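Please keep the sequence and the 3D view open while reading.

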Amino acid sequence: MGVAGRTALVAGAALAGACDVSTPREKKSFFRDDLSRGFGPDWLNVRYEGELDVRHGRAVIPVSAAEKRAIEDDARQTEYMARPVVYPHREAADVEVTCRLKPEGECEAGVIACWSHDEAYALLVRGDEVVMCRYGIKDRTVFVRKAMEPRGQLDLKLTVRGGRLSGSIADRKGRRISVSAVDHDPLAPGLVGVVVNPIAVERGGAGNFSDFDVASDSDVAVAPAFIYRFAGAVQADGSKHRARLTARTVLPTAIGFEVATDAGGSDVVADVTPRNPEGRWGAVHAWAGGLEPGADYHWRPYVVHDGTKAFGRTATFSTPASSGPVRFSFGSCTSGRTTDYTSFATAASFDPEFYLHGGDFGYANLNSVQHSPDHFQARWSRLVRVPEMTELLDKTPLMFWQDDHDYQADNGWSKTCKPYTIWAFDEFHANPTDHYFDVRWGDVHVWCLDCRLYATDPTAPDDANKTRIGFEQKAWLKKGMAESDAPVRIVASAMVFRNKVDDDPGWHNVYTTERDELLGYFASIRDEQDATVFILSGDSHGHRLIHHFEFGELYEITASGTDFPPDAKWWQGNNDPKHTLVSIDARTGFALVELEPPGPNRTVTIKSLASKDGKIMFEKVLPVRS
């Protein structure tokens, strides 16, 4: 279902918000429908790529087989909630959800309550067992597992009263199983619905639902809750500056933005009128202009509810001054298979003016139940919602771009990048453009290179007709570097120029003609324009200082692996000791670039910092030449 259709469903919708938890005394039904007619316009199919079905008098949610990593029974796996279908017009903290279910094939199926995009309580039938669990932003917590004998058509009941949960499953012969649990950190009020998840790689299954009903004495309608909001590009716009902002509500609706000079929002300098979501994901993007250079701003998204503005959480950003100190962070390769994303909170503690992420943001091709745009977008949105990332986004703009796993093209090139991953990512980010881009921040100029989408055939002869970044992007890069007057010019590449395993065709092994062409060009900019030039790179898991000594004092700092599980399989080792001065594996981290204020003997320092505590793993200090 497209955004227009989905938006029409949620006019006046009851969405997740905060309210007091109470114990129902006399519950009343706020819903009654016969699901044998199917999930009609009163329902929202969260995964828009999935089709719903009606057969044999029941509403059916089918799921296909899934990637092995996406269905391993592991608390780290946050993509289990494959196919939620929710009733979007009422939300409650204290609620009783009942339905009739007949599962088929390899799946788990059941009812959910307190749902808000990627969090919910669930009562599921999974093969020969009953599971009561909580889905979280980062993990899945199983409260109870219980063996089950009932077969065939089942009656399910899930009751939530604050953090007290109880459930029962009964079959047609009167056999019943009861489960209960206590959650000491209860979920906020949310929506109700049903869900089906695959549990096998060989084949899928389906949940057959009917007689769905909900009862509560505390259901309310509240303003739409925000899943996320973050700032992206901040750039010059004539004599002023502008910032690109994005946000999404639980169920897509029109969003506006306020930018103010004070935290309370009383001195508003930009008010972007609410606009409807665009694209199938349903996020809203907007430029806020008229901003002064070298200034600090506070901003927040809002929706109009009952004639008044309902605001999301306030965040901050700064605009660049024409000259002065600059500090920013760079990272790449962030696992979707961990519950620890400390690197982003650690980066936030250094107060960077912006954060660049050079690809493999959550490994969606490995960590999604299905390869489809809605599942990839759900993977990315979970990462910007984890508390550590939220801490960063509260005060730091994020710009990021795709590498092979974001394109569902492991070790890929232009012909293997999946088209849907391109537009799915474009609906999500807040970069200055939908392709390669540059960032100018005072005396620092950074060019961010896409090394997959424009690459020519890696099996072709290694000559001047072969390119990893495409001829158009390469011309843009060279022109931009030549015309810039920034004393510090940085190439931020999704792929390394040296030191990478040979099974990934890149500059290090089969595009060496272009590698030497580019490295030679970077050196010429350094020498002819007296600029400080260096490279930041990702993709090759590890943290390395590389000296391209054939081209003089030209250095590359690889920062790859911000947050991985403690598993040796992620790391790639030192594959080029000839050029590599420092190589650190099996430690997660990121890079921090710090340019000193103008003055004699000015320097720029690139530090490789440990994710956990920000300790320096290595650093390189370069003189600012101009």
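Pro 88 is found in strand E5 (residues 83-92). Strands (E, at least two residues) and helices (H or I, at least four) are DSSP runs, numbered from the N terminus. At 0% relative accessibility, Pro 88 counts as buried. Buried means under 20% relative accessible area, exposed over 50%, and partly exposed in between, with a 1.4 Å probe and protein chains only. Pro 88 and Leu 191 are 103 residues apart in sequence, yet 6.3 Å apart in space, C-alpha to C-alpha.

Leu 123 sits in strand E8 (residues 120-126). Its relative accessibility is 0%, so Leu 123 is buried too.

## Basis of the model

The model is predicted: local features need pLDDT of at least 70, side-chain atom pairs count only at pLDDT 80 or more, and totals for chains, interfaces and linings use all residues. Residues are numbered from 1 along each chain as its sequence is written, and side-chain values use heavy atoms, with hydrogens and water left out.

## Helix H5

Helix H5 covers residues 373-385, 13 residues in all. H5 reaches 18 Å from its first C-alpha to its last, close to the 18 Å expected at 1.5 Å a residue. The expected span is 1.5 Å times one less than the number of residues. Is H5 enclosed or open? 13 of its 13 residues are buried, so H5 is largely enclosed by the rest of the structure.

## Aromatic pairs and charges over rings

The structure holds 30 aromatic pairs. Rings of Phe, Tyr and Trp (its six-membered ring) pair if their centres lie within 6.5 Å; planes under 30 degrees apart count as stacked, over 60 as edge-to-face and the rest as tilted. Phe 400 and Phe 425 have ring centres 5.1 Å apart and planes at 70 degrees, so this pair is edge-to-face. Phe 400 lies in strand E26 (residues 398-400) and Phe 425 in helix H7 (residues 419-426), so the pair ties together parts 25 residues apart in sequence. Phe 400 is buried at 0% relative accessibility, and Phe 425 is buried at 3%. Tyr 436 and Tyr 454 also pair edge-to-face, at 5.5 Å centre to centre and 75 degrees between the planes. Tyr 436 lies in the loop between H7 and strand E27 (437-441), and Tyr 454 in the loop between strand E28 (444-449) and helix H8 (471-483), so the pair ties together parts 18 residues apart in sequence. Tyr 436 is buried at 7%, whereas Tyr 454 is partly exposed at 29%.

One aromatic cluster is formed by Tyr 228, Phe 230, Phe 361, Phe 376, Trp 380, Phe 400, Tyr 420, Phe 425 and Phe 428. Charges also meet rings. The charged end of Arg 248 sits over the ring of Trp 281, 4.2 Å from its centre. Lys 620 places its charged end over the ring of Tyr 555, 4.2 Å from the ring centre. The test asks for NZ of Lys or CZ of Arg within 6 Å of the ring centre and within 35 degrees of the ring normal.

## Pocket and cavities

The second largest pocket has a volume of about 290 Å³. Of its 17 lining residues, the closest to the centre are Tyr 363, His 405, Asp 410, His 541 and Gln 572. The lining divides into 4 nonpolar, 4 polar and 9 charged residues. Ala, Val, Leu, Ile, Met, Phe, Trp, Tyr, Cys and Pro count as nonpolar, Asp, Glu, Lys and Arg as charged, and the others, Gly among them, as polar. On a 1 Å grid over the protein atoms alone, a pocket is an open set of points with protein on both sides within 12 Å along at least five of seven lines, a cavity is a set where a 1.4 Å probe fits but cannot get out, and lining residues have an atom within 4 Å of a point. Grid points are joined across faces, edges and corners, and a volume is the space filled by probe spheres set on the points.

A search of the whole structure finds 3 cavities of 30 Å³ or more. The largest cavity has a volume of about 130 Å³. Of the 18 residues lining the largest cavity, Gln 402, Tyr 407, Asp 434, His 435 and Asp 450 are the closest to its centre. H7 gives the most to this lining, with 3 residues. By class, the lining of the largest cavity has 10 nonpolar, 5 polar and 3 charged residues.

## Positive phi

Gln 408 has a positive phi of about 50 degrees although it is not a glycine. Gln 408 lies in the loop between E26 and H7 and is buried at 15% relative accessibility. Asn 411 lies in the loop between E26 and H7. Its phi is positive as well, about 60 degrees, and Asn 411 is not a glycine. Asn 411 is partly exposed, with a relative accessible area of 23%.
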